[in-house]
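This report describes one protein chain, beginning with the overall fold and moving on to selected regions. Please keep the sequence and the 3D view at hand while reading.

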Amino acid sequence: MASDYGDESGEKMLDNFTRFCELKGESAMRDRARKIQDACDHAKSKSKAHEVIDDGGEMRVEWAKLDMAEFRAIEDYDEIKQVIEAKLRAHGVEPVWFEDKAEGKEYLLFRVVDAQEVWDGFDELSNEAGTAAEKAAEKVKGHVRDNRDERPLEVRAKQAREASEALEAERSGAKAYAREPKFQELRSK
């Protein structure tokens, strides 16, 4: 899988989407992939200059920041963050994360000279999200029968627990049948 993408981020994304598909269902996984694609596509327009350096009378921007609010709104943000880190490292960019607790925001900080690599990484992630979603759906379908229950795993587990509790309550309320010991007469010669 890593050879399909040229780095480990694609493999991480496929594994992540596969697990998500197994837990939440295919439609939820595809919706999540679309949100990731949209967030990656919007990432370029959302970065802002972060630090300005005075270089002998000439002001130059040294750092840029990207508000991760759109990514944080997606379920399992921490796993998405790991995929982003892997992709940026594959492009030679060392990501720096800054959490502004006062405002409840998190930013990805990067050097302005690395901006093109960051944008290229997000473009690749956007494309890989769609591909990984398709592969995850095929992978999950390949592991189950054709008459698969499409309900998410959490819903099925909850219903199974409720049914088990109902059966247990029914058994405890029913009359218990007990066998009485049989007495046998033993003779000896």
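## Overall fold

Of the contacts in the protein that link residues at least 6 apart in sequence, 63% join residues at least 24 apart. The model is predicted. Its secondary structure amounts to seven helices and four strands. Read from the N terminus, the order of the elements is α-α-α-β-β-α-α-β-β-α-α. The protein has 189 residues, and 32% of them count as buried.

## Helix H5 and the residues on either side

Helix H5 covers residues 77-90. The buried residues in H5 are Tyr77, Ile80, Lys81, Val83, Ile84, Glu85, Ala86, Lys87 and Leu88.

The loop between helix H4 (69-72) and H5 contains Asp76. Asp76 is not a glycine, yet it has a positive phi of about 65 degrees. Its relative accessible area is 36%, so Asp76 is partly exposed. Just after H5, Gly92 also has a positive phi, of about 80 degrees.

## Glu85

Glu85 belongs to helix H5. Is this residue, Glu85, buried or exposed? Its relative accessibility is 18%, and a residue under 20% is classed as buried, so Glu85 counts as buried.

Leaving aside residues up to four places away in sequence, Glu85 touches Pro95 and Trp97. Glu85 and Pro95 are ten residues apart along the chain, and their C-alpha atoms are separated by 6.3 Å.

Strand E3 (residues 96-100) and E4 run antiparallel and are joined by five bridges. Within this pairing, Trp97 stands opposite Leu108 in E4. Trp97 is also one of the residues that Glu85 touches.

Four residues lie between the strands of the hairpin, where Gly104 takes a positive phi near 70 degrees. Strand E4 takes in residues 105-111. Five of its seven residues are buried, and E4 is therefore largely enclosed by the rest of the structure.

How many cavities of 30 Å³ or more does a search of the whole structure find? The search finds one. The largest cavity has a volume of about 70 Å³.

Which residues line the largest cavity? The lining consists of Met13, Asn16, Phe17, Arg32, Ile36, Cys40, Phe71, Ile80, Val83, Ile84 and Leu125. By class, nine of the lining residues are nonpolar, one is polar and one is charged. Helix H2 (8-24), helix H3 (26-46) and H5 each contribute at least two residues to this lining. Ile80, Val83 and Ile84, which are among the residues lining the cavity, are also among the buried residues of H5.

How values were computed:
Residues are numbered from 1 along each chain as its sequence is written. This is a predicted model: local features need pLDDT of at least 70, side-chain atom pairs count only at pLDDT 80 or more; totals for chains, interfaces and linings use all residues. Side-chain values use heavy atoms; hydrogens and water are left out. The expected span of a helix is 1.5 Å times one less than its number of residues. Buried means under 20% relative accessible area, exposed over 50%, partly exposed in between (1.4 Å probe, protein chains only). On a 1 Å grid over the protein atoms alone, a cavity is a set of points where a 1.4 Å probe fits but cannot get out, and a pocket is an open set with protein on both sides within 12 Å along at least five of seven lines; lining residues have an atom within 4 Å of a point. Grid points are joined across faces, edges and corners, and a volume is the space filled by probe spheres set on the points. Ala, Val, Leu, Ile, Met, Phe, Trp, Tyr, Cys and Pro count as nonpolar, Asp, Glu, Lys and Arg as charged, and the others, Gly among them, as polar. Two strands pair if DSSP finds at least two bridges between them. Contact means heavy atoms within 4.5 Å.
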